Amino acid sequence: MNIHEYQAKELFDRFQVPSPRGRVASTPAEAESAAREFAGSPLVIKAQVHAGGRGKGTFKNGFKGGVHLIESPEQAADFAGKMLNERLVTLQTGEAGRLVRKVMIAEAVDITHEYYLAILMDRATCRPVIVASTEGGMNIEDVAHNTPEKIIRQFIHPLLGLQAYEIRKITAALGLTGDFAKQFAKLLGNLYKLFISCDCSMLEINPLVTTPDGRVLALDAKFGFDDNALYRHPDIVAMRDKEEEDPREVAASEYDLNYIGLDGNIACLVNGAGLAMATMDIIQHYGGEPANFLDVGGGASKEQVTAAFKIILGDPKVKGIMINIFGGIMDCNVIAEGVVAAAKETGLPIPLVVRLEGNNVEAGKATLAASGINVTAATTMADAAQKIVALVG
């Protein structure tokens, strides 16, 4: 789950991470009012979408840039009118862009230096890792590729937590001294508390800045949260903006299904993440293009399978479906009953290839055979992949 920049500022305030003041607006009038509230301060207006590269983006109406300095409340209203309810296209949105429903009016600050700072969960070591660099304000992947020596990594013991000597080590590596070093140490400590307390999977500040008037501030932030821990954080769940997400993924989450939309035309319905990855690979191996990752899990119900089938058929790009089930915990007949129910409800207008193996497989095959729906049976993954590619192609 991701949140908007203005919501990230709310978390910063809660954990005493210093950042410029800001207010969110959903109309030009609200943007003008927010700008008047900060009268006397230089201001910036930022489009609020779940995508990076906003400053270099272009709106479908021709307006350039999703981030602008503004000089007056009237200009705030003018720019907000050009951004709100318009689609912003950046390198991360694709050609369709993202609809801007909110903008943020925030204090603009003079910058002495920009830094990069992030806290991530490192899967290889199962530890939090702090990543920092003196090269902030740019694509960190480019920094890692071109000047890897400028990337600082500090792994944190998950039980001991962030230690004072680790903070001093990172501070020194960034070249911060004096009062800047003291402010950064406090900021980093509070940031780590936020990361752990809110079950974050990612917390990125780019840039973290020092200012001519002696402050250390988090200027922009991206958050990712561990979906499996969100039940502990109803306040963060309330920040979820479903309109920024793929509607298919939203629908899948309501049934506890793991779904990610892709660009191909062969849909997959599989139980188990590893098997789902292998299924997508074998479809591609035989010349097809997977349309999604869809893992119904090890103990899906008939209702979940039916919902998964409907989500697949709701994608107009899908020209065929491959179901690949290996029943360990999963009962193959439950899958078959769900497929039959969904197919009869939707009419099944596209080819369907089903490969079932494992727990109660004979009952599952019998259910499909007796259903009257147009289904092609397969014996192996390779057999299923070749058949669905041929039917779609």
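Okay, let's start with two helices: helix H2 (residues 28-37) packs on H3 at an angle of about 150°, and their axes are 8 Å apart. That makes H2 roughly antiparallel to H3, where angles over 145 degrees get that label, under 35 are roughly parallel, 65 to 115 roughly perpendicular, and the rest oblique. The axes here are lines fitted to C-alpha atoms, for helices over the stretch in contact, and angles run from 0 to 180 degrees between N-to-C directions.

A quick word on what we're looking at. This is a predicted model, so local features need pLDDT of at least 70 and side-chain atom pairs count only at pLDDT 80 or more, while totals for chains, interfaces and linings use all residues. Residues are numbered from 1 along each chain as its sequence is written, and side-chain values use heavy atoms, with hydrogens and water left out.

Back to H2 and H3. From H2, Pro28, Ala31, Glu32, Ala35 and Arg36 meet Pro73, Glu74, Ala76, Ala77, Ala80 and Gly81 in H3, with contact meaning heavy atoms within 4.5 Å. Sorted by type, the residues of this contact are 7 nonpolar, 1 polar and 3 charged. For that sorting, Ala, Val, Leu, Ile, Met, Phe, Trp, Tyr, Cys and Pro count as nonpolar, Asp, Glu, Lys and Arg as charged, and the others, Gly among them, as polar.

Now let's zoom out. The chain has 13 helices and 19 strands; these are DSSP runs numbered from the N terminus, helices being H or I with at least four residues and strands E with at least two. The C-alpha atoms fill a box of roughly 75 × 50 × 40 Å, taken along the principal axes. Of the 393 residues, 49% count as buried, which is under 20% relative accessible area, with exposed being over 50% and partly exposed in between, using a 1.4 Å probe and protein chains only. And among contacts between residues at least 6 apart in sequence, 68% join residues at least 24 apart.

So what does H3 lie across? Helix H3 (residues 73-83) lies across S2, S4 and S7, running at about 160° to S4. Those strands belong to an open sheet of 4 strands in the order S1-S7-S2-S4, with antiparallel pairing. Two strands pair if DSSP finds at least two bridges between them. At the edges are strand S1 (22-25) and strand S4 (67-70), each pairing on one side only. Neighbouring strands in this sheet are turned by 25° against each other on average, direction ignored.

Have a look at S7 in there. Strand S2 (residues 43-47) pairs with strand S7 (residues 103-107) in the antiparallel sense over 5 bridges, and Val44 has Ala106 of S7 as its bridge partner. S1 is joined to S7 by 4 bridges, again antiparallel, with Gly22 standing opposite that Ala106. In a regular strand the side chains alternate between the two faces of the sheet. Both faces of S7 are covered: Val103, Ile105 and Glu107 are buried on one side, Met104 and Ala106 on the other.

There's another open sheet, with 3 strands in the order S3-S5-S6 and antiparallel pairing. Strand S3 (58-59) and strand S6 (98-99) are at the edges with a single partner strand each, so one side of each has no neighbour in the sheet. Strand S5 (residues 87-89) pairs with S6 over 2 bridges, and Leu88 has Arg98 as its bridge partner in S6.

H8 is followed by Asp256, which has a positive phi, near 60°.

The axes of helix H9 (residues 273-285) and helix H13 (residues 381-392) come within 9 Å and cross at roughly 50°, which makes H9 oblique to H13. H9 brings Leu275, Ala278, Thr279, Ile282 and Ile283, and H13 brings Met381, Ala382, Ala385 and Val389. That contact divides into 8 nonpolar, 1 polar and no charged residues. Thanks, that's my tour.
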